[in-house]
Amino acid sequence: LWRSFEENLSCIEEDCIVESASAINLGLEGGDIDVENMMTIYWERYYSYIKELRCYLRKWIATVDTNVTAKTQYIQALYDEDDNVTEDIFLSFNYTLVLENVYKIPSSNICHIHGSIADRNNALVIGHGNKEKFTQAKLKMHQTQKKFEDKKSSIYNALSTYYKRTTKDVGLNIDINKNFFSGLDKVASVYIVGHSLGEVDLPYFVEIQKNVSHTTQWIIICRNNLEEPGKRDILNKIGVQDERITFLLSSEF
């Protein structure tokens, strides 16, 4: 699942990396002292690929073919009697223009919370939500600096930079799109389609729950019946009662 991919960005073998970095023999006549700056520059080059993660993501998304036929009747650009588009709105997580191109939904009705392939000015948003890893790496960096363990402090600095570059700032994304979330009070039904409700994205659904009505119905699209208990538990935890939750198989959707 996509959520596993994002979560695993923070699941690197930190102890192994630190051990390997500490064991490097630099072959300096004066020994491995006062080498922190040199090693920090080295690690910055060594882990520089992670700065390109969002570029790799954009290249991959650009290969996704949205020149396909519609797969569901639940998503339609319906018009009312006055020929005005309905107030159906969409929170999209998948970066593509499938809603615009396949289902002809006006872009004004879509919030691409993590960016879209159409927006060339802003990087696509991707990452884990484990901010604790960044904090701990920074703490260990300072601790090893005090002990003059230059190689360890340099690698912990590199690790903290890695964690920061791979962290998704969900709070910032919510603030940037606060007008979208604050306008959900008249939403009658929330459909969750193709989202695994991973922990890193859960604050978005908390924000939706805070802003919709207490009578709003939640319809969850599942690949199979085995997904239902886990997703029900997640929705219960954010305050959605059982009587407001309905499940629908993706084959039916």
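In helix α10, residues Tyr204, Phe205, Glu207, Ile208 and Gln209 are buried (under 20% relative accessible area with a 1.4 Å probe and protein chains only; exposed is over 50%, and partly exposed lies in between). Helices (H or I, at least four residues) and strands (E, at least two) are DSSP runs numbered from the N terminus. The model is predicted, with local features requiring pLDDT of at least 70 and side-chain atom pairs counting only at pLDDT 80 or more, whereas totals for chains, interfaces and linings use all residues. Residues are numbered from 1 along each chain as its sequence is written, and side-chain values use heavy atoms, with hydrogens and water left out.

The buried residues of α10 pack against β1 (90-92), α8, α9, β3 and β4, contact being defined as heavy atoms within 4.5 Å. Phe205 and Trp218 have the most contacts inside the largest nonpolar core, which has 26 residues (a core being a set of buried Ala, Val, Leu, Ile, Met, Phe, Trp, Tyr and Cys residues joined through side-chain atoms within 4.5 Å). At least two residues of this core come from each of α8 (170-176), α9 (178-182), β3 (189-192), α10 (202-211), β4 (217-222), α11 (228-237) and β5 (245-249). Beyond its neighbours within four places in sequence, Trp218 is in contact with residues including Val190, Ile192, Phe205, Ile208, Leu235 and Ile245. Another core, of 24 residues, lies apart from the largest one and includes Ala21, Trp43, Leu97 and Ile126.

The chain comprises 11 helices and five strands. Its radius of gyration is 23 Å, well over the 18 Å that the globule rule gives for 253 residues, so the chain is more spread out than a compact globule (the radius is taken over C-alpha atoms, and the rule is 2.2 Å times the number of residues to the power 0.38). The C-alpha trace spans about 85 × 35 × 35 Å along its principal axes.

The structure holds 10 salt bridges, each a side-chain nitrogen of Lys or Arg within 4 Å of a carboxyl oxygen of Asp or Glu. One of them joins the side chains of Glu6 and Lys168 (3.1 Å, N to O). Glu6 lies in helix α1 and Lys168 in the loop between α7 (150-165) and α8, so this pair ties together parts that are 162 residues apart in sequence. Both Glu6 and Lys168 are buried. Lys140 forms a salt bridge with Glu14, with the closest N and O atoms 3.4 Å apart. Lys140 counts as partly exposed at 26% relative accessibility, whereas Glu14 counts as buried at 12%.
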